[in-house]
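Please read the report below alongside the sequence and the 3D view. It goes through one protein model, part by part.

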Amino acid sequence: MSPPKKHRAALIKEFGKPLAIEEIPTPEPRDRQVLIKVLGAGICHTDVHVWRGDWSAAGIPPKLPFILSHEVVGTVVAKGDRVPEDIKEGRGVLVYAWQWARDDPYVAKGLTQLSSYPAHLAIVVDGGLQEYFLVSDYRFLVDVEGLEDLPAAAPLACAGLTTYRAVKRVLPHLEPDDYVAVVGLGGLGCYAIQWVKALAPYVNLIGVAGRDESIEFASKIVRLDAAINTSRVDPVKTIMEITRGRGLKAVVDTVGTEATIAMYTSLLAKMGIHMLVGMIGGEAKISPLLPFIVNERTITGSIVGSLSEQIEVVNAAKRNMINYRAVVTRRLKLEEATEGLEALEKRRALGRQVVVF
Ligand SMILES: NC(=O)c1ccc[n+]([C@@H]2O[C@H](COP(=O)([O-])OP(=O)(O)OC[C@H]3O[C@@H](n4cnc5c(N)ncnc54)[C@H](OP(=O)(O)O)[C@@H]3O)[C@@H](O)[C@H]2O)c1
Ligand SMILES: [Zn+2]
């Protein structure tokens, strides 16, 4: 079936205002481009930052109107004349969101997410909150055939990928019986706990959040060795008790505020690592500095993941190493996307919300 001339999209026309649902022209794919019919588009907290205009001074987004969602899964409906034969109509695909416009040494090394010419979805170029989406190059498609619930697989493109890379990067620091904390149990956090269980089953996993509901929800996905609700107990005292004074060997911080950095860098064990993923924002303060140095602690950031890591993540989901379906709590209509953004911002959401078509 040929695609319609126009399709519906959710547009940011003004920062922080309800998204406008409008009809926009459906592009015709040429050359290496592929047109997909979107099945699922996840709503990430990064979309909230972009929608609010938090990063507009940095040129994100580059223009208004702008279309959100960098977590996109769909089926191929049309393709340009230089797309290989085996990428067939009807095939289920996940769109690698951290695209690049030109090759450079980082891309050549496989660190595609660090390209100096980024064309990241819903950050630099329009994203997938629309019925049809034009993928700029077939090389950004990852085959998701075999996954049973394609709309629910969309968050593998950011929440799943970002936390896979972050957890992989802390693995060299971990030994049996160490303590690892995942801070924040939202969309990213619910994947991060699964990666820790899958890739480092020999550590003690502590889940940290500020609401009982998010802890309960996360505990249904994996068995947490301990859980801390920071609005009920003093996290410093509790973590020192749980770890019997040893501290945390790794912190996967999916919140990323002044408070989390200050607190969890001080709770690190010797040779411990604070992996900063969340971008809620603020300034980092490490105080006092001396214990940070004498215990050889590390703090570093992690940004999404590479194209090859994206393939690894999809393969892990195909092998049931992680449960991607368990993370999705709400399936929204396109008209309800603003509601989804507000729920994330007001800390009312659980897991990941996905707009389905
Ligand atoms: N580095 C990267 O590559 C990357 C990739 C994707 C997203 N991010 C960033 O990671 C962060 C988390 O994304 P997400 O999609 O997982 O968000 P989310 O679903 O909203 O989860 C964040 C969780 O953090 C907790 N939280 C604690 N303090 C908060 C605060 N001041 N504001 C909001 N939430 C707070 C909330 O849990 P409780 O209410 O239960 O405490 C919430 O469930 C965002 O800043 C996002 O931009 C970074
Ligand atoms: Zn994201």
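## Basis of the model

This is a predicted model, in which local features need pLDDT of at least 70 and side-chain atom pairs count only at pLDDT 80 or more, while totals for chains, interfaces and linings use all residues. Residues are numbered from 1 along each chain as its sequence is written, chains are lettered from A and ligands numbered from 1 in the order in which they are written, and side-chain values use heavy atoms, with hydrogens and water left out.

## The annotated domain

An unreviewed UniProt entry places the feature "domain: Alcohol dehydrogenase-like C-terminal" at residues 187-312. UniProt positions are given in the numbering used here, feature names are shortened, and annotations may be inferred rather than shown by experiment.

Over residues 187-312 the chain is 41% helix and 23% strand, and the C-alpha atoms at the ends are 19 Å apart. Helices (H or I, at least four residues) and strands (E, at least two) are DSSP runs, numbered from the N terminus.

Which way do the residues of strand E5 point? In E5 (residues 92-95), Gly92 and Leu94 point one way, Val93 and Val95 point the other way, and all are buried. Buried means under 20% relative accessible area, exposed over 50%, and partly exposed in between (1.4 Å probe, protein chains only). In a regular strand the side chains alternate between the two faces of the sheet.

Strand E4 (residues 71-79) runs antiparallel to E5, and four bridges join them. Gly74 has Val93 as its bridge partner in E5. E5 also pairs in the antiparallel sense with strand E7 (residues 141-143), over three bridges, and there Val95 stands opposite Leu141. Two strands pair if DSSP finds at least two bridges between them.

## Ligand 1

There are 26 residues around ligand 1, and His45, Thr46, Gly210, Ser214 and Arg352 come nearest. A residue is near a molecule or strand if one of its heavy atoms lies within 4 Å of it.

Oxygen atoms of ligand 1 take part in polar contacts (pairs of N or O atoms within 3.5 Å; within protein, one must be able to donate a hydrogen and the other to accept it, and residues adjacent in sequence count only if both atoms are side-chain atoms). A polar side-chain atom of Ser214 is 2.4 Å from an oxygen atom of the ligand. For polar backbone atoms, the distance to a ligand oxygen is 2.9 Å at Gly187 and 2.7 Å at Val304. Ligand 1 taken alone exposes 910 Å², and the protein buries 91% of that. Accessible areas come from the Shrake-Rupley method with a 1.4 Å probe; for residues, only the protein chains shown count as cover.

Cys44 lies in the loop between strand E3 (34-43) and helix H1 (45-52), and His70 in the loop between H1 and E4, 26 residues apart. Both Cys44 and His70 are buried.

## Backbone features

The peptide bond from Leu64 to Pro65 is cis, with omega near -5°, and Pro65 is in the loop between H1 and E4.

Asp31 has a positive phi, near 55°, in a residue other than glycine. Asp31 is partly exposed, at 35% relative accessible area.
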